[in-house]
Amino acid sequence: MDALLALPPMYYVAMVAKVLVAFVFVLLTVAYATYAERKVIGFMQVRLGPMRTGWYGLLQPIADGLKLFFKEEIIPKQASTFAFLVAPLIALVPAFISFAVIPFGGNIEVFGYTIPLQIASVYDPQVGKVLDLNVGVLYILGMASLGVYGIVLAGWSSNSKYSLLGGLRASAQMISYELAAGLAIITVFLMSGSLSLNQIVADQAGAFGVTGWYLFRNPCTFVAGIIFFICSIAEINRTPFDLPEAETELVSGFCTEYSSMKYAMFFMAEYANMVTVCAVTTTLFLGGWHGPAFLPGWMWFVAKVYFLIFCCMWIRATYPRYRYDQLMRLGWKVFLPITLVLVVLTALWIMAFGTEPWFSFIM
Amino acid sequence: MLGAYLPIIVLVTIAILFGLGSLIFSSLIGPKKPSEVKLAPYECGCEPVGSARERFSIKFYIIAMLFILFDIEAVFLYPWAVVFKKFIAAGLGPFILAEMGVFIVILFVGYIYVWKKGALEWE
């Protein structure tokens, strides 16, 4: 309790402000990612996408949300009611709270109080440093695993064959790709020597510019970064890995029996996960909020995240869906051994050349 | 350090309230006209056959077990990766590399065993 009282009042104001801003940011991004996805895929397929609600269909997400509010809530007779109701919550909450540890900008100063633009962090004036979770990456991995429970519970509690199959597939797929993603992140730890996201971002700044980003630091982290992003897409069940809700064979997978706002919550969770995954990839491999100084840090962060979200949509418009055995083969027989070898190679590289960008040896 | 953990609790609370709020709100204002057919599990318009809670493929269990094994081994690698640079700075680079090399080789042997046993086959 003493430790809480020792914090200045500005801390609480800043905390609530940061939490609200980040929550609203994710919520708005989720809403407009659904719109952007339909527009982007529409244009890629030479059609217009939503055009009727508002100017260029800009009010479409709001209309969709309102419509889902007024829909009938159906709870199937055989369903296990409590698990059925709780599952969307378990899917949605972790998707939103992983954002807490991601630094989305540099420090700003308000009335002489320094506020780090990262939700779960505090500036210590005595040390002159930002303190954040020293297990930030583990926290994100933990939250990513929690999301699996929502989907498994949804699949099981609906007591419908399609839901059960979708839920089983989803759980097997998510844990398989989590493994490869978790191994790919080790290359980042080797480079940074820290699990704190603030440190990881700080380590990617400096005089090197773009070559300081872990993605371009050395060849090993380049491959690891790309594998991590692909595994992340697979983990959040997006096309081309959207087997759990493969509508051509499983109707709608684990959320077949869901309607109204409960369905919308799974939908929001999927898009919130996409935002989080893109933010994590930005932070770990693309230098976080660092960029040329003509734009403030948070703008760079938003720009990088939106670019990655666009890439997700691009991938969706480009590739057909995998078959389940292909999906498991890719995760277990391709990515797993590659990432294990990458860990060793990165360690060898650091021993031989250090953590400097590899362009500095060429020039 | 407490200052860094408190916002997470606040964010969790807001997220849960948001979820609960939209669940309750939509169940209040949505129409309710249940019927026998509407409450039956969806099976492409046919009469549902049997229960959904039947046996399913053993493969899913195997994948779950393998995941636990490999994930724990991956987590063992995390602390090693974090202190790796410090050991190099202290001149103990080859030592820590060899140590983890042995661990990864054992991991790889286990992986090849699993592969050869056919636990990763889905065809």
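User: Let's start with A:Cys231: which residues is it in contact with, leaving aside its neighbours within four places in sequence?

Analyst: Two residues are in contact if their C-beta atoms, placed from the backbone, lie within 7 Å. Leaving aside neighbours within four places in sequence, A:Cys231 is in contact with A:Tyr177, A:Ala180, A:Ala181, A:Ala184 and A:Phe335. Keep in mind that this is a predicted model, where local features need pLDDT of at least 70, side-chain atom pairs count only at pLDDT 80 or more, and totals for chains, interfaces and linings use all residues. Residues are numbered from 1 along each chain as its sequence is written, while chains are lettered from A and ligands numbered from 1 in the order in which they are written.

User: And which residues touch the most other members of the largest nonpolar core?

Analyst: A nonpolar core is a set of buried Ala, Val, Leu, Ile, Met, Phe, Trp, Tyr and Cys residues joined through C-beta atoms within 7 Å. Buried means 20 or more other C-beta atoms within 10 Å of the residue's own, again placed from the backbone. Here the largest core has 136 residues, and A:Ala91, A:Phe96, A:Ala180, A:Cys231 and A:Val275 touch the most other members. Helix H6 of chain A (residues 161-192) gives this core its largest share, 20 residues.

User: How do I read a helix, say H2(B), and what span should it have?

Analyst: Helices are DSSP runs of H or I, at least four residues, and strands are runs of E, at least two, numbered from the N terminus. The expected span is 1.5 Å times one less than the number of residues. With 31 residues, H2(B) should span 45 Å, and its end C-alpha atoms are 45 Å apart, so the two agree.

User: Where does H2(B) bend?

Analyst: A bend is the angle between axes fitted to the seven residues ending at a position and the seven starting there. H2(B) bends by about 45° at B:Val83. Its buried residues include B:Trp80, B:Ala81 and B:Phe84, and what covers the buried residues includes H6 and H13 (324-353) of chain A together with H3 of chain B. Just after H2(B), B:Gly91 takes a positive phi of about 80°.

User: How many residues does each chain bring to the contact?

Analyst: Chain B brings 58 residues and chain A 66. On chain B's side, H1(B) supplies the largest share, 21 residues.

User: Last one: how do E3(A) and E4(A) run?

Analyst: Strands pair if DSSP finds at least two bridges between them. E3 (residues 121-124) and E4 (residues 129-132) of chain A run antiparallel, joined by 4 bridges, with A:Val122 opposite A:Leu131. They form a hairpin with 4 residues between them, and A:Gly128 in the turn has a positive phi of about 75°.

Key: Buried ≥ 20, exposed ≤ 12 C-beta atoms within 10 Å, placed from the backbone.
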